[in-house]
Amino acid sequence: MSYFYVGVGGSGAKLMQALIHLSAAGLLSVDGGSQVLKAFLVDPDKSNGSIDECKRIYDLYNACRPIKLGEKAALLRNDVHLSGPWSPLADDRASMNSEFSYAQLQQVNPVDADLMELLYSEDDRNVSLAQGFRGRPAIGAAVFSQSIDFGTGMWNELYTAAQSAHAFGDVSIFLGGSIFGGSGAAGVPTICRILKEKLQQKIQNLRMGMVLFLPYFTYKKIEDETIQADPAQFSAAAEEALKYYDERQFLDICNAIYAVGDTPPARMPVSAFGAKEQRNPPHYVELIAGLGAFRFFTNGWNKGPQPSDGVHTVSLASRSEENSLTWKDIPAEARPDPRLELLQQFILFAVSYHYFLFPFISTCKDRKHPLRDLIGMTPWNKALSELQAIDSYVVSFLEWLLAICTQDRDGASVFSNGLIDVNVIGEMHDLQYRLKPVGQVHEEKVADLFLNRPECRRPKIRAIFAKSTDFVSDQNIEGAGMLVRAIYEACNASRR
Amino acid sequence: MMKRVLTEVVGILFIYAIYAIAVVLFYDVDISAPENWPIWPLVVWAGSFLAMAIWYVLASVVIAPQQPLRVWAGVWLLLLSLVIIGAAAATYVEDFYQTDTFQPNPWLHFVGGVGAYYLASLLFSPLFAKYVVWPARFVRKW
């Protein structure tokens, strides 16, 4: 099985962040075996802060991949490849006029030029697209449909990889992007159609799915910008877009479509329409969407009706209270869901490792210790650099986790997180949560990390320390990998 | 984990059993007459055993695993010094109140009391204290 993801726009990149973290937690292949997730980012704004953050997390994740954690390890098991971002724009100063050579078009093909004038206002045609389509999907759709070329660059890479993958099983392509903005709203349906038309001739076992982000955040309008997405119009834009998906029969194109949103919307701390400033904090909607993506990738959708059958199944997921999110609210196919169990184990591993195990082990250079014994004969500096790589990635995961559990919501509604006690690992700073420094997290508090879990499953750091000294029997495991794996397995045992 | 704890506890009991046999042999104790048992060797034996038990409990459930080596070593040395003081006190008192019944064996208090504590903690300290006592890093292979 080969899994492909195409993330469009800022929301698509944020979903990719969630996919990397969920892959690290082992959710991509619950039944064992390593899977490869090939991801492709698409955004006209190549320096979008959300894409930068996604690439940063990807680099941290990949730095951990060479560590030999064993073949049966769920932890960091899957290969993730990230390509892009690909921009449909020819250059950074592009506008519709320059992309379609409007001046030339008027001379060569005045009918097309008139049609373009009819469909797009002068402002729309002249506005710089370097920072995205500014909430104008009509502009984006036109630009996307003329610029995707399967003969070169990223699209050629996707096309070639999908073709070579279809001999080994189903080829699953999943797209993600917002439905209410500019890039995602324009790119997801356009790219989906183009991919389907191009690939279905060559690949019989092609499966396509998408996640559509309904409005889930808001921000203050940016002053002095005449053309920009208006948060007040998000709901109306989403409604129109959903009609479009229905009328254009996307349910016949895709095996699965997930639509996720949230109300009241989260307030983004920095209002920006592009570039590095557009680095919106993660949101739990992306966690839900990520679980949807993995459900699509790994679930037996082939057993159900196929798009060509004309039979569609609507599955609804909602939460019990509007202002909170608990473990029970996260969509699961069974209780207990092995995916959520893996996610909890990874959360406990991250907290234990970053705040207790790694700081301690890093002081053991000249000290003989049962934990150090697991590293074996591996040179200390090599082991330490591997352990450091794990810690750096784990920090990025904890930051993501903290962000999705501490939403700043618009209006009077206060979000009550029911997943983890954020005060165990987080502290307020300038009205925002950030991770506590190492040494500031109390060992006893970790027992209260998970909220709404049975009392008997309170994790204990001492028990994790003790279990972490257990030798793990597996193939392809050595050095720092043995120690990390032992800690990870200890987190499972301690949590139960 | 239970196997490891069991091994350690049995090992400690074994060492103190040998120490007890040494006391019986060197003091020529009549086991069938408890009223005639020599008091001071038993006090040192019990004190050493108690120190070892305290060390085992502290190292197992009280001292945090991530504590620096100086904390572990400090606690172990404190208990060792109490055993030494106890052995010295017993030697002094035994010599002061010498009777015809038992010949004092001052060396046994040190070799037995201090030695049993040292040997038991060297070989059978719990998991996170297993390398605290020198030269455990060279001899502890379990």
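The model is a predicted one, in which local features need pLDDT of at least 70 and side-chain atom pairs count only at pLDDT 80 or more, while totals for chains, interfaces and linings use all residues. Residues are numbered from 1 along each chain as its sequence is written, chains are lettered from A in the order in which they are written, and side-chain values use heavy atoms, without hydrogens and water.

Staying with chain B, its C-alpha trace spans about 50 × 30 × 25 Å along the principal axes. On the surface, B:Ile21, B:Leu25, B:Phe26, B:Ile84, B:Trp107, B:Phe110 and B:Val111 form a nonpolar patch with about 690 Å² of accessible area together. Such a patch takes residues with over 30% relative accessible area and no salt bridge, joining nonpolar side chains (Val, Leu, Ile, Met, Phe, Trp, Tyr) within 5 Å; the areas come from the Shrake-Rupley method with a 1.4 Å probe, only the protein chains shown counting as cover for residues, and a salt bridge is a side-chain nitrogen of Lys or Arg within 4 Å of a carboxyl oxygen of Asp or Glu. Helices α1 (2-27) and α4 (106-124) of chain B each supply at least two residues of the patch, and B:Phe110 lies in α4.

Terms used: Patch = residues over 30% accessible without salt bridge, like charges linked within 9 Å, V, L, I, M, F, W, Y side chains within 5 Å. Helix = DSSP H or I, 4+ residues; strand = E, 2+ residues; numbered from the N terminus.
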